[in-house]
Amino acid sequence: MAVVFDRPQALLDVPTHFCPGCGHGIVHRLVCEVLDEMGVLGETIGVVPVGCSVMSYNYFGCDVIEAPHGRAPAVATGVKRTNPDKVVFTYQGDGDLAAIGTAETVHSGTRGENIVIIFINNTTYGMTGGQMAPTTLPGQVTQTTPFGRNTDTAGFPIRMCELMSTLSGVALAQRVAIDSVPHIREAKKAIRKAFENQKAKRGLSIVEVLSTCPTNWGLSPEASMKFVQEKMIPYYPLGVYKDKAAEEEAAK
Amino acid sequence: MKGNEALAEAAIRCGCKCFFGYPITPQTELSAYMAKRMEKAGGVFLQAESEIAAINMVLGAASTGVRAMTSSSSPGVSLKAEGISYMAGSDLPAVIINVQRGGPGLGSIQPAQSDYFQATKAMGHGDFHVLVYAPCSVQEMVDTVTLAFDKADEYRMPVMILADGLLGQMMEPVTFPEPKTELPDKSDWAACGHKNEREHHIINSLFLDAPLLEAKVKERFERYRLVEENETDAELYMCEDAELVVTAYGASARVAKSAVTKARAEGIKVGLFRPKTLWPFPVKEIKEATKDAKKILDVEMSMGQMIYDVKLATECRIPVEFFGRTGGVIPTPAEIYDEIKKLTGGAQ
């Protein structure tokens, strides 16, 4: 009988620690499918963050480095600069990438580091129990915004794809989501494009994935997907904010 | 050659493949030299956006098995503390140079030795050590760089060269070793891509299971014990019959040596003990140096930090006096000579 659906080789056959309904599993699978399809698993080095996905080093089948909180793009810079023939990606959450690691994110982008950043935006610090993240929506209740995020005192959520798209060294800045099958397929295409950019030495590619955190949102997995659709996507519009390859193609 | 530049050239010659830095006085010439030379030598120079990013670039490069280095001065080294702790916890070799300046805070840009505690006792959070070398001439700095890279690889730990603004800025004649062509193989642990030929490698300092983390730390301390056994080094100068032993390292040892030499010429039984490794502190060497001594004079460019190790190592058998200048002030040979006279009552 023909096998039509199987675990990607790049995704190790181990149970994960992720909660039911968490988006990490889907995104892990998409990244690993791309590594398989491009045949680059053996030459890939992943850099994982501090946060829920810290233990992804147990799930990704490539060599993996665990970076200090927010420093993954700097760690990846050190890896890629000394190993330019290897495929290097970071996998980071919103607190890691858009708060404590903002400088590392922005500067790896402006330097045009030839790496891929997979950015999981689920509007919260999952591992520490659901505190306000830089991407927490206005009015959203978290452990540290118990009355809802008040933008007068806690400021506004940061839109990283829009910010990164202003940097000359960035090859791709695209926001995708995993709330529906069409969106998941779109997300995989974006991840594939990001890794292809690295192979073509185009510069830094960042794919922001709007994801879920049912546990800390206090919602069922199904209601969490609705939260992405009804609350997150309106604030964080999906789409391509920068695509150097497409721009070059159009200019031809 | 200038001390800072000599450090850079020595690193390139012993196979350092990348340098990540951030501008700070008084170590800037090191970065500038790397910017000029590294690419031609087939390596990577990158000016990072911060000291934090620089040390994490070192962490990344070191994870793949290449020889990596960063340098800074006191305030910048504080920022690197996070990365150094992670590297120690991930058993990563690297060389970190601190060309010390006056502190605390922004302090001054003049030479100081007030980061001794930081380097030897608390280079970041958690149970760990870095091997700390304290050279006192440009030539010794060059020799120490080679040693530092070799020992970092041998023990899989970060190694620090604790210099200061005086050593970094001064010029002395120097000879370099031939460039190293054979470097240690790290393929049994490095994260450099498994080519589908082996299990994946994980570079990691997270161990949520407490007994497992304890076992990891204990294994590391077993290596530290070997470092303590095998890697201590010190210079004993005129200590054979010394009744007063001056203890000093780095730049202050240079000044102290002049004072000791002058006092000796006048018949005062004084010697100099100069640790070349600060962690591990050369305990057996200082015991040997002070076996006939009645007193110790500890001289530092700080308010007194190494003095605690001197007292511990000599088990407080004899009094330890202190003379220090701080904030970027360098003690003069005359000042130290006066202290020696005061403590010995002149010629004996």
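Me: Angles under 35 degrees count as roughly parallel, over 145 as roughly antiparallel, 65 to 115 as roughly perpendicular and the rest as oblique. At what angle do H3(B) and H4(B) pack?

Reply: About 25 degrees, with the axes 8 Å apart; H3 covers residues 51–63 and H4 residues 74–89 of chain B. H3(B) and H4(B) are therefore roughly parallel to each other. Axes are lines fitted to C-alpha atoms (over the stretch in contact for helices), with angles from 0 to 180 degrees between N-to-C directions. Helices (H or I, at least four residues) and strands (E, at least two) are DSSP runs, numbered from the N terminus.

Me: What should I know about the model?

Reply: It's predicted: local features need pLDDT of at least 70 and side-chain atom pairs 80 or more, while totals for chains, interfaces and linings use all residues. Residues count from 1 along each chain as written, with chains lettered from A and ligands numbered from 1 in written order.

Me: Which residues in H3(B) meet H4(B)?

Reply: Ile52(B), Ile55(B) and Leu59(B) are among them, and the H4(B) side includes Leu79(B) and Met87(B). Contact here means C-beta atoms, placed from the backbone, within 7 Å.

Me: Switching topic: how many residues does the contact take from chain B and from chain A?

Reply: 35 from chain B and 29 from chain A. H3(B) gives the most on the chain B side, 9 residues.

Me: What comes just after H6(B)?

Reply: Arg156(B), with a positive phi of about 50 degrees.

How values were computed
Two residues are in contact if their C-beta atoms, placed from the backbone, lie within 7 Å.
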